Amino acid sequence: MLFNPDWPVLLACGAIGAFVKDTLKDNKIAIPHIKEGQLYLGCIGGMILGAIAGYIVDNDPMTAFLGGYAGSQILQSLVSSKVSPSVVDGIK
């Protein structure tokens with residue numbers, strides 16, 4: 001799957017899946033902000049991870065949505081096991 005002509009749709013479905021997961025999890029939308037000199041991406045960080053996961057998973061938009069929904073949590077879990085907790089808090 002080097003190049004898929006439907007890549008914009010797959011990226012969008014993955015990003016939407018991650019956005020839905022973040023909204024349901026937090027019951028609000030976290031907007032990006034700067035606090036104490038650090039940039040917190042809010043829901044944008046999850047959407048980026050979800051878009052990547054949605055593209056990697058499959059060539060179907062529904063599977064890409066589900067990949068974005070679950071994939072961002074899986075990637076955050078992998079990152080949290082390798083990086084200090086202060087860095088992971090910036091991703092959430």
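There is 1 salt bridge here by the rule used, the rule being a side-chain nitrogen of Lys or Arg within 4 Å of a carboxyl oxygen of Asp or Glu. Asp22 makes that bridge with Lys21, and their closest N and O atoms are 2.8 Å apart. Keep in mind that this is a predicted model, where local features need pLDDT of at least 70, side-chain atom pairs count only at pLDDT 80 or more, and totals for chains, interfaces and linings use all residues. Residues are numbered from 1 along each chain as its sequence is written, and side-chain values use heavy atoms, with hydrogens and water left out.

**Around the salt bridge**

- Asp22 and Lys21 are both buried, where buried means under 20% relative accessible area, exposed means over 50%, and partly exposed is in between (1.4 Å probe, protein chains only).
- Asp22 sits in helix 1; helices (H or I, at least four residues) and strands (E, at least two) are DSSP runs, numbered from the N terminus.
- Why does Asp22 count as buried? Because its relative accessibility is 12%.
- Setting aside neighbours within four places in sequence, Asp22 is in contact with Asn27, Lys28, Cys43 and Gly46, contact meaning heavy atoms within 4.5 Å.

**Confidence and overall layout**

- The protein chain has an average pLDDT of 82, and 80% of the residues score at least 70; pLDDT is the predictor's confidence in each residue, from 0 to 100.
- Among the chain's elements, helix 1 (residues 7-26) gets the highest mean pLDDT, at 91, while helix 4 (residues 85-91) gets the lowest, at 54.
- You'll find 4 helices and 2 strands in the protein chain, and reading along the sequence gives the pattern α-β-β-α-α-α.
- Out of 92 residues in the protein chain, 29% count as buried.
- Take the contacts in the protein chain between residues at least 6 apart in sequence: 68% of them join residues at least 24 apart.

**The surface**

- A nonpolar patch on the surface is formed by Ile34, Leu39, Leu41, Ile44, Ile48, Ile52 and Ile56, with about 660 Å² of accessible area together.
- As for what makes a patch, its residues have over 30% relative accessible area and no salt bridge; like charges are joined within 9 Å, and nonpolar side chains (Val, Leu, Ile, Met, Phe, Trp, Tyr) within 5 Å.
- Which element gives the most to the nonpolar patch? That's helix 2 (residues 43-57), with 4 residues.
- Leu39, one of the patch residues, lies in strand 2 (residues 38-40) and is exposed because its relative accessible area is 55%.

- Leu10 lies in helix 1 and counts as buried, since its relative accessibility is 1%.
- Although Leu10 and Gly68 are 58 residues apart in sequence, their C-alpha atoms are 9.4 Å apart in space.
- Not counting residues up to four places away in sequence, Leu10 touches Asn4, Gly54, Tyr55, Asp58, Asn59, Asp60, Pro61 and Ala64.
- Ala53 belongs to helix 2 and is buried, with 10% relative accessibility.
- From Ala53 to Gly14 is 39 residues in sequence and 6.5 Å in space, C-alpha to C-alpha.
- Leaving out residues up to four places away in sequence, Ala53 touches Gly67 and Gly71.

**Cysteines**

- How many disulfides are there? The count is 0, with a disulfide taken as a pair of cysteine sulfur atoms within 2.5 Å.
- Cys13 is buried at 18% relative accessible area, and Cys43 is buried at 10%.

- Asn27 isn't a glycine, yet it has a positive phi of about 60°.
- Asn27 sits in the loop between helix 1 and strand 1 (33-35), and it is exposed, with a relative accessible area of 69%.
- Glu36 also isn't a glycine, and its phi is positive at about 55°.
- Glu36 is in the loop between strand 1 and strand 2, where it counts as exposed at 78% relative accessibility.

Technical notes:
Areas by Shrake-Rupley, 256 points an atom, 1.4 Å probe, with all protein chains shown as cover.
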